[in-house]
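Come along and check each entry against the picture.

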Amino acid sequence: VAYLSVMILGVLSALSGLVLWKSVQFPLLRTLLGGYEAARYIHFFAMSALVAFVVIHLVMVALVPRTLLAMLRGR
């Protein structure tokens with residue numbers, strides 16, 4: 001569920017980022033996301049959740065460092 005959520009958050013942050021970057025060129029996407037202000041909130045919360053996901057994983061690796069080599073080797 002966590003990794004599926006990260007994929008969904010990535011898509012949401014990319015789509016909302018497009019609205020923030022080129023709002024005039026993506027009017028349908030802007031409307032689907034609820035307007036420019038709503039896209040700002042969506043982008044902020046999606047990026048915050050992605051950062052939290054990365055930080056939690058870094059903390060878990062710091063707590064048990066031997067797991068890093070296992071992850072890199074695939075064992």
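**Entry 1: a surface patch**

I started with the surface, where Val51, Val55, Val59, Leu63 and Val64 form a nonpolar patch with about 430 Å² of accessible area together. For patches, residues need over 30% relative accessible area and no salt bridge; like charges are joined within 9 Å, and nonpolar side chains (Val, Leu, Ile, Met, Phe, Trp, Tyr) within 5 Å. The areas come from the Shrake-Rupley method with a 1.4 Å probe, and for residues only the protein chains shown count as cover.

Helices here are DSSP runs (H or I, at least four residues), numbered from the N terminus. Val64 has 30% relative accessibility, so it counts as partly exposed. My cut-offs are: buried under 20% relative accessible area, exposed over 50%, partly exposed in between (1.4 Å probe, protein chains only).

**Entry 2: how I read the model**

I noted that this is a predicted model, in which local features need pLDDT of at least 70 and side-chain atom pairs count only at pLDDT 80 or more, while totals for chains, interfaces and linings use all residues. Residues are numbered from 1 along each chain as its sequence is written, and side-chain values use heavy atoms, with hydrogens and water left out.

**Entry 3: helix 1**

I checked the length of helix 1 (residues 2-21): at 1.5 Å a residue its 20 residues should span 28 Å, and the end C-alpha atoms are 28 Å apart, which agrees. The expected span is 1.5 Å times one less than the number of residues.

Which residues of helix 1 are buried? I listed Leu9, Ser13, Ser16, Gly17 and Val19. Seen down the axis of helix 1, these buried residues fall within an arc of 150 degrees, so they line one face of the helix. The arc is taken from the directions from the helix axis to the C-beta atoms. Tyr3 and Met7 are exposed on the other side of helix 1. The cover over the buried residues of helix 1 includes helix 2 (27-32) and helix 3 (36-63).

How many salt bridges does a search of the whole structure find? It finds one. The side chains of Arg40 and Glu37 meet in it, at 2.9 Å from N to O. A salt bridge needs a side-chain nitrogen of Lys or Arg within 4 Å of a carboxyl oxygen of Asp or Glu. Both residues lie in helix 3, three residues apart, about one turn of the helix. An α-helix has 3.6 residues a turn, so residues three or four places apart point the same way. Arg40 is partly exposed at 43% relative accessibility, and Glu37 is partly exposed at 42%.

**Entry 4: a loop and the last helix**

I found Ser23 in the loop between helix 1 and helix 2. Is Ser23 buried or exposed? Ser23 is buried, with a relative accessible area of 16%. Not counting residues up to four places away in sequence, Ser23 touches Leu18, Arg30 and Tyr36; contact means heavy atoms within 4.5 Å.

Gly74 follows helix 4, and its phi is positive, near 85 degrees.

Notes
Helices (H or I, at least four residues) and strands (E, at least two) are DSSP runs, numbered from the N terminus.
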